[in-house]
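Please look through the structure shown here before reading on.

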Amino acid sequence: VQLQASGGGLVQAGGSLRLSCVVSGSIFSFISMAWYRQAPEKQRDLVAIITRDGTANVADSVKGRFTISRDNPKNTVYLEMNSLKPEDTAVYYCNGRTPATNYWGQGTQVTVSS
């Protein structure tokens, strides 16, 4: 199983981006899918998570601005990011969790200019 993340880029503050994470196998292999982010010299933090049954949660720092969703037939998870701030600048990683392990995508850079 592989996770392929895409959609990052450079955007001005207040702008929007949509990240996509395509699962090479079945998205139902995973108990949950999530997006994490890691800024330079900082730890990797959970941004948003969505379970197999569609229950979604986002971190307080992005609540009201970011939305996680999934398209099961397309085996894809999305992170819609609106009202972006410079502090959202980071590498964003897609994550899929099974009972046995975690799978990670390669990361996609999001840069928000002020």
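Two residues are said to be in contact when heavy atoms of one lie within 4.5 Å of heavy atoms of the other. The model considered here is a predicted one. In this model, Ile27 is found in the loop between β3 and β4. Residues up to four places away in sequence aside, Ile27 contacts Met33, Arg70, Asn72, Asn75, Thr76 and Val77. Ile27 counts as buried because its relative accessible area is 0%, and the cut-off for buried is under 20%.

Met33 also belongs to the largest nonpolar core, which holds 26 residues. Met33, Trp35, Leu79, Met81 and Tyr92 are the members that touch the most others. Several strands give two or more residues to this core, among them β1, β4 and β9; the largest share, four residues, comes from β3. In soluble globular proteins, nonpolar side chains tend to be buried together. Beyond its neighbours within four places in sequence, Met81 touches residues including Leu17, Leu19, Phe66, Tyr92 and Val110.

How many salt bridges are there? The count is three. Asp88 pairs with Arg37 at 2.9 Å, N to O, and this pair joins the loop between β8 and β9 to strand β4, 51 residues apart. Asp88 also pairs with Arg65 at 2.7 Å. Asp88 is buried at 1% relative accessibility, Arg37 at 14% and Arg65 at 10%.

The salt bridge between Asp60 and Lys63, at 3.1 Å, joins exposed residues: Asp60 has 67% relative accessibility and Lys63 has 51%.

Key. Residues numbered from 1 in each chain as written. Predicted model: local features only at pLDDT ≥ 70, side-chain atom pairs only at ≥ 80, totals over all residues. Heavy atoms only, no water. Core = buried A, V, L, I, M, F, W, Y, C linked by side-chain atoms within 4.5 Å. Buried < 20%, exposed > 50% of the residue type's maximum accessible area, 1.4 Å probe, protein only. Salt bridge = Lys/Arg side-chain N within 4 Å of Asp/Glu carboxyl O.
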